[in-house]
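Keep the structure open as you read.

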Amino acid sequence: MAQPPSEARSPSERRPDQASPSGRQGQGRVRIKGTRKGLAITLDEGDWQELLRELDNRLGQAVRFFAGSQVNLRCGRGDISQQDLQEVLAVLARHNVELASLETRSRLVAEAAQALGIRLALPEAPAAPLEPRTPPEEWSEGVLVHRTVRSGQSIRHPGHVVIVGDVNPGAEIIAGGDVVVWGRLLGVVQAGALDNNQAIICALELRPTQLRIGTYIAKSPDDSRRKRVQPEVASVLDGQIVAQPWTSR
Amino acid sequence: MPGTVITITSGKGGVGKTTVTANLAVALALQSQHVAAIDTDIGLRNLDVVMGLEDHIIYDIVDVVRGHCHLSQALIRDKRLSGLQLLPASQTHDKSAVTPQEIAIISQELAANNDFVLIDSPAGIEMGFQNAVAGADEVVIVTTPEMSAVRSADRIIGLIEAAGKGPGRLIINRINPGMVRRGDMLNTFDVIEFLAIDLLGVIPEDEAVIVATNQGRPLAFEQSRPISRAFHNIAHRLLGEDIPFLPIFEEPAETILTRLQRFFRLRQSGPR
């Protein structure tokens, strides 16, 4: 039913002499987070080229999630030149991501950004330290969609998504967290779009065109002769996506 | 009070938008309503052929938009039925020859003097569709009981919702009662459950539609055929009456021969 990810990505190609300040493997200095205003990418201090490579990696891991989205960029370094910014824009553009705004506390960086026509966002708390505050995949909010999601419609959200209604074939749901469908799920759903293999997808009737959880992909079994319709939960078990009947536990 | 502007659309082509538009226009006019039908399928006009008014065309909708004539000059009156008018599409331009705003203005003008304005939409979800729904008070979606058409209807309903024109109401065209009974065709319930919108009518399949189209005389002019009754019922529902749906799952007219055939078929396959 499921295929393992096509290629496992090495955590990062960081040189050993540059230890991550947070100590996390691979995603220490590029943090992607869903916020109230949308997606926020934070580039901590460190070698600029390393940061860009890491950003490129992270975006490449969840292409479907990022493509066409707008992000807010936060930069920790205060010495980013116009050329550096152009490089970041190029990386974002390669993944079809638009830079909505840049957040910086450095006047130098702000001037470089303005020269490029990048919109500046006010830092949330000017005096706050730029050290990692929260783990990267922490979702603060979910959305509740109270209608039928029809063919051609797409719902993207960095957090959890709850649909009260059907998800028809040709519709897609892309969520950073879990997806719950209180209805029939017939379309394409991606849960845990930022490489969260722990995410789950559940529906009253789970008959999707395709399911994706984290880095795993599965399609519905070809056997369409369903004996009875019952609520099911899909999750990653032993390296593949498995759907199990929902029982109160 | 201005009349109601109703756009008839489908997404997928060939499901019977134009046939439905022509027949509903006739059925409403037979109820003493003033009806103006607009063909917005610019470049591929058809409604004039189905309504049998092709040889009366002097001006078309593009002429109106470009100021070559007055709206009243482009309208073709149906001599068979007072109160029925057609604003034909142009055959020599394309969809970009008019804008959604222009269609909306024309439909408003027509609604001022008519009880109903029926807009026949082209297939597709592009410019032509945007033109057709811009002025609509209500949208009627036509589908056939095939998965491909139902999927397209689903897509188009999403776009109608996005345009703020409500989910619309559904007409299921070309239901074949025999196939439904044998379980070879999606039935009304399947389609409605999938699309989750209100049903406006169910129209049985009838070969006579082809003859009627070739002759330019919509079947709604007749009274007795099941398909004609289906169109009249939809007209009554558009007028706000509560009309029960046709018993579409019965054969329209069961003769002794077909009855015997059915009896033997059942005997052969045994009771289910």
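## Where the chains meet

Nine residues of chain A and six residues of chain B make up the contact, where two residues touch if their C-beta atoms, placed from the backbone, lie within 7 Å. On the chain A side, the residues that touch chain B split into six polar, two charged and one nonpolar. Here Ala, Val, Leu, Ile, Met, Phe, Trp, Tyr, Cys and Pro count as nonpolar, Asp, Glu, Lys and Arg as charged, and the others, Gly among them, as polar.

A word on the ground rules: this is a predicted model, so local features need pLDDT of at least 70 and side-chain atom pairs count only at pLDDT 80 or more, while totals for chains, interfaces and linings use all residues. Residues are numbered from 1 along each chain as its sequence is written, and chains are lettered from A and ligands numbered from 1 in the order in which they are written.

## The sheet of chain B

Chain B has an open, mixed sheet of eight strands, in the order E3-E4-E2-E5-E1-E6-E7-E8. Strands and helices are DSSP runs numbered from the N terminus (helices H or I, at least four residues; strands E, at least two), and two strands pair if DSSP finds at least two bridges between them. At the edges sit E3 (76-77) and E8 (198-204) of chain B, each pairing on one side only.

Which residues of E5(B) are covered on each face? On one side B:Phe116, B:Leu118 and B:Asp120 are buried, and on the other B:Val117 and B:Ile119. Buried means 20 or more other C-beta atoms within 10 Å of a residue's own, exposed means 12 or fewer, and partly exposed is in between, with C-beta atoms placed from the backbone.

E5(B) runs parallel to strand E1 (residues 4-9) of chain B, joined by five bridges, and B:Val5 faces B:Val117 there. Strand E2 (residues 35-39) of chain B also pairs with E5(B) in the parallel sense, over five bridges, with B:Asp39 opposite B:Asp120. E2(B) has a parallel pairing with E4 (residues 84-87) of chain B too, over four bridges; there B:Ala36 has B:Gln85 as its bridge partner.

## Helices on that sheet

Helix H5 (residues 100-113) of chain B packs on the sheet, touching E1, E2 and E5 of chain B, and its direction makes about 150° with that of E5(B). Angles run from 0 to 180 degrees between N-to-C directions, and axes are lines fitted to C-alpha atoms, for helices over the stretch in contact. H9(B) lies across E6, E7 and E8 of chain B, at about 145° to E7(B).

In H9 (residues 188-195) of chain B, the residues B:Val191, B:Phe194 and B:Leu195 are buried. They cover an arc of only 85° around the axis, so they sit on the same side of H9(B); the arc is that of the directions from the helix axis to the C-beta atoms. The face turned away from this buried side carries the exposed residues B:Phe189 and B:Glu193. The buried residues of H9(B) pack against E6 (138-143), H7 (147-162) and E7 of chain B.

## The nonpolar cores

A nonpolar core is a set of buried Ala, Val, Leu, Ile, Met, Phe, Trp, Tyr and Cys residues joined through C-beta atoms within 7 Å. The largest has 77 residues, and B:Ala25, B:Ile61 and B:Leu118 touch the most other members. Helix H1 (residues 17-30) of chain B gives the largest share of this core, eight residues. A second, separate core has 56 residues, including A:Phe66, A:Cys75, A:Val167 and A:Ala199.

## The sheet of chain A

In chain A, six strands form an open sheet with mixed pairing, ordered E7-E9-E11-E13-E16-E17. E7 (142-145) and E17 (240-245) of chain A stand at the edges with a single partner strand each, so one side of each is left without a neighbour in the sheet. E16 (residues 232-237) of chain A and E17(A) pair in the antiparallel sense over six bridges, with A:Ala234 opposite A:Ala243.

## Positive phi

Most residues other than glycine have a negative phi. B:Arg174 has a positive phi of about 65° and belongs to strand E7 (residues 169-175) of chain B.
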